Amino acid sequence: MRSYTVFEWMHKKLGLSGTDEKVFAFIYGASQIDNQEFRGTVGEIADIIGSCYCSVSMSLKRLTEKGLLVKSVPCEDERRNKFAVNAYSVNRELLRGVSAS
């Protein structure tokens, strides 16, 4: 089982809360250790953060549109239980200096 940590700067400096904050915190943590990205399904994220598929899907879309996350083009053949595997990472350029201060 994977875990994640929500840092104060995610709320105060990025204005995140709720599911958006949890999803961002999880991807941020995964980006630090797993080859700079999280590869998995929306359902896997939902299970880890204790949210529903729909909420996580909408959060990923919002965070990507805000430029906080970067979504890589998924491999068409890569699927888990019929669900597409996507790759997400944090936008390091946008976050440069935010987490350190």
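Helices and strands here are DSSP runs, numbered from the N terminus.

## Overall layout

This is a predicted model. The protein chain holds 5 helices and 5 strands. Read from the N terminus, its elements follow the order α-α-β-α-α-β-β-β-β-α.

The chain has 101 residues, and 35% of them count as buried.

## Helix α2 against helix α4

Two packed helices are described by the angle between their axes and the distance between the axes. For α2 and α4, the axes come within 9 Å and cross at roughly 75°. Angles from 65 to 115 degrees count as roughly perpendicular, so α2 is roughly perpendicular to α4.

Which residues meet where these helices touch? From α2 come Thr-19, Asp-20, Val-23 and Phe-24. From α4 come Ser-55, Val-56, Ser-59, Leu-60, Arg-62 and Leu-63.

Ser-59 deserves a separate look. This serine is found in helix α4. Its relative accessibility is 0%, so Ser-59 counts as buried. Setting aside neighbours within four places in sequence, Ser-59 is in contact with Thr-19, Asp-20 and Val-23.

## Aromatic pairs

A search of the whole structure finds 6 aromatic pairs. One of them joins Phe-7 and Tyr-28. Their ring centres are 6.0 Å apart, with 75° between the planes, and the pair is edge-to-face. Phe-7 lies in the segment before α1, while Tyr-28 lies in helix α2, residues 18-33. The pair therefore ties together parts that are 21 residues apart in sequence. Are the two partners buried or exposed? Phe-7 counts as partly exposed, at 35% relative accessibility. Tyr-28 is buried, with a relative accessible area of 14%.

Trp-9 and Phe-24 make another pair. Their ring centres lie 6.3 Å apart and their planes stand at 90°, so this pair is edge-to-face. The pair links distant parts of the chain, with Trp-9 in helix α1 and Phe-24 in helix α2, 15 residues apart. Both Trp-9 and Phe-24 are buried. Phe-7, Trp-9, Phe-24 and Tyr-28 form one aromatic cluster.

## Salt bridges

How many salt bridges are there? The count comes to 4.

Glu-8 forms a salt bridge with Lys-12, and the closest N and O atoms are 2.7 Å apart. Why are these residues about one helical turn from each other? Glu-8 and Lys-12 are 4 residues apart in helix α1, residues 8-12, and that spacing separates them by about one helical turn. Both Glu-8 and Lys-12 are exposed. Lys-61 and Glu-65 form another salt bridge, with closest N and O atoms 4.0 Å apart. Both lie in helix α4, residues 53-65, and are 4 residues apart, about one turn of the helix. Lys-61 is exposed, with a relative accessible area of 54%. Glu-65 is exposed too, with a relative accessible area of 59%.

Arg-39 forms a salt bridge with Glu-37. Their closest N and O atoms are 3.5 Å apart. At 34% relative accessibility, Arg-39 counts as partly exposed.

## Cysteines

The structure holds 0 disulfides. Cys-52 is in no disulfide, and the nearest cysteine sulfur, that of Cys-54, is 5.7 Å away.

Technical notes:
Residues numbered from 1 in each chain as written. Predicted model: local features only at pLDDT ≥ 70, side-chain atom pairs only at ≥ 80, totals over all residues. Heavy atoms only, no water. Salt bridge = Lys/Arg side-chain N within 4 Å of Asp/Glu carboxyl O. Helix = DSSP H or I, 4+ residues; strand = E, 2+ residues; numbered from the N terminus. Buried < 20%, exposed > 50% of the residue type's maximum accessible area, 1.4 Å probe, protein only. Phe/Tyr/Trp six-rings, centres within 6.5 Å; stacked < 30°, edge-to-face > 60°. Disulfide = S-S within 2.5 Å. Axes fitted to C-alpha atoms, helices over the stretch in contact; angles between N-to-C directions. Parallel < 35°, antiparallel > 145°, perpendicular 65-115°, else oblique. Contact = heavy atoms within 4.5 Å.
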